[in-house]
Structures are given as structure tokens and as C-alpha cells.
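I opened this entry to look up surface, fold and core.

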Amino acid sequence: MFKKLKDKKGFTLVELIVVLVILAILAALLVPALTGYIDKANNEKIIATTRQVVMAAQTEASEAYGKNSSGKLTDNGNDLTIKTGEAIGTTAVTIDKIASLAEVGTVATDGTITGANGVTYIEVTLAGTNGKVKSVVVKQSGKQCTYTADTTGNASPYTVVNE
């Protein structure tokens, strides 16, 4: 009778439970590491989107600055802040032009952004005297990235926070 039991092939219940416990321990160790990689990738994604918006805003501001005969981006020289959620104004630089050039979505007439990449908000501040981008705020997929023009060059101009 014992010889018949020893001839059977397969795993015992204890062996299967031990393997499952080892797999559970490995999964418990890997999940936090993978979550960190996913979060880092999402941060890089919103930084890349913000870079696109900064480049588009600078392009639009430079074009408007070149067309303005007063030698300033705005006629009064004050900084120009434009953002989503406002009706598209009559300024030379508008969110719809920036969003279109940056390829982050389209802006409706009421100022809201619609697009497939999750960008819900853009705010751009331009220096009225020279037309340079001072700051940009982009909200995408539950994160907010802020670009601030850095004159020292010591720190990253991009800051990402969870909303």
C-alpha cells in the first residue's frame, strides 16, 4: 500500500501552500516598487506636457511681441495671464492657440479644454515688456505641474504635485 502512494506523481497540499506563500511574499515586495515606477512615469508625462505648453506659449508670445508696434507684448507693459475657464479673449495670445500648438487638446468657446490626454487646465503668465514666459501651470490626470522661469539655473523649473 505504501509503495502505491510513493509511485503517485504530483505535489502535496503542503508543498502547494508553501509555493503560494512564497509568491505572495514576492508580490508584496514588488508592488510598492512598481507603484514608484508608475508614479515617476506619470510625473515625467506631465513635465513633458508642460514643456510642450511652455514652448507653444513662448512661440505665440514671440509672434505677438513681434507684431506689436509698441515694442511690448501688451500695450500697457503689464504681465499677461491667460488661463482655461475664461472665455477666449481678444488678446494676441490665447489659450486656444497655445493648446492647439502644444497639441494638448482643443479649447471650447467657454474656455474649457477637451482632449484625449487628460489636460484639464492651463495657465500662462507672460511678461508684458518682453513677451517671455514667466510661469505655466498645467493640470493633467490628477497632477499639477508648475513651470517657473529660473534665472539662476540651479534648480529645476518644473514642480509636480498631486492634486
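I started with the accessible surface of the protein chain, which comes to about 10700 Å². Carbon and sulfur atoms hold 60% of that surface. I note that this is a predicted model.

Next I checked burial. Of the 163 residues in the protein chain, 29% count as buried.

Then I listed the elements. I found three helices and seven strands. From the N terminus they run α-α-β-α-β-β-β-β-β-β. I also looked up contacts between residues at least 6 apart in sequence: 50% of them join residues at least 24 apart.

I moved on to the largest nonpolar core, which has 29 residues. Val53, Val93, Ile98, Ile122, Val124, Leu126 and Val136 touch the most other members. Two or more residues each come from helix 2 (13-67), strand 1 (80-83), helix 3 (95-102), strand 4 (119-126), strand 5 (133-140) and strand 6 (143-148). Helix 2 gives the largest share, eight residues.

Beyond its neighbours within four places in sequence, Ile122 is in contact with Val53, Ile82, Lys83, Thr84, Ile95, Ala99, Val104, Ile113 and Val137.

Which residues of helix 3 are buried? I got Ile95, Ile98, Ala99 and Ala102. These four lie on the same side of helix 3, because they cover an arc of only 95° around the axis. An α-helix has 3.6 residues a turn, so residues three or four places apart point the same way. I then looked up what the buried residues of helix 3 pack against: helix 2, strand 1, strand 2 (106-107) and strand 4.

Last, I checked the backbone just after helix 3. There Glu103 takes a positive phi of about 60°.

Technical notes
Residues numbered from 1 in each chain as written. Predicted model: local features only at pLDDT ≥ 70, side-chain atom pairs only at ≥ 80, totals over all residues. Heavy atoms only, no water. Buried < 20%, exposed > 50% of the residue type's maximum accessible area, 1.4 Å probe, protein only. Contact = heavy atoms within 4.5 Å. Areas by Shrake-Rupley, 256 points an atom, 1.4 Å probe, with all protein chains shown as cover. Core = buried A, V, L, I, M, F, W, Y, C linked by side-chain atoms within 4.5 Å. Arc of directions from axis to C-beta.
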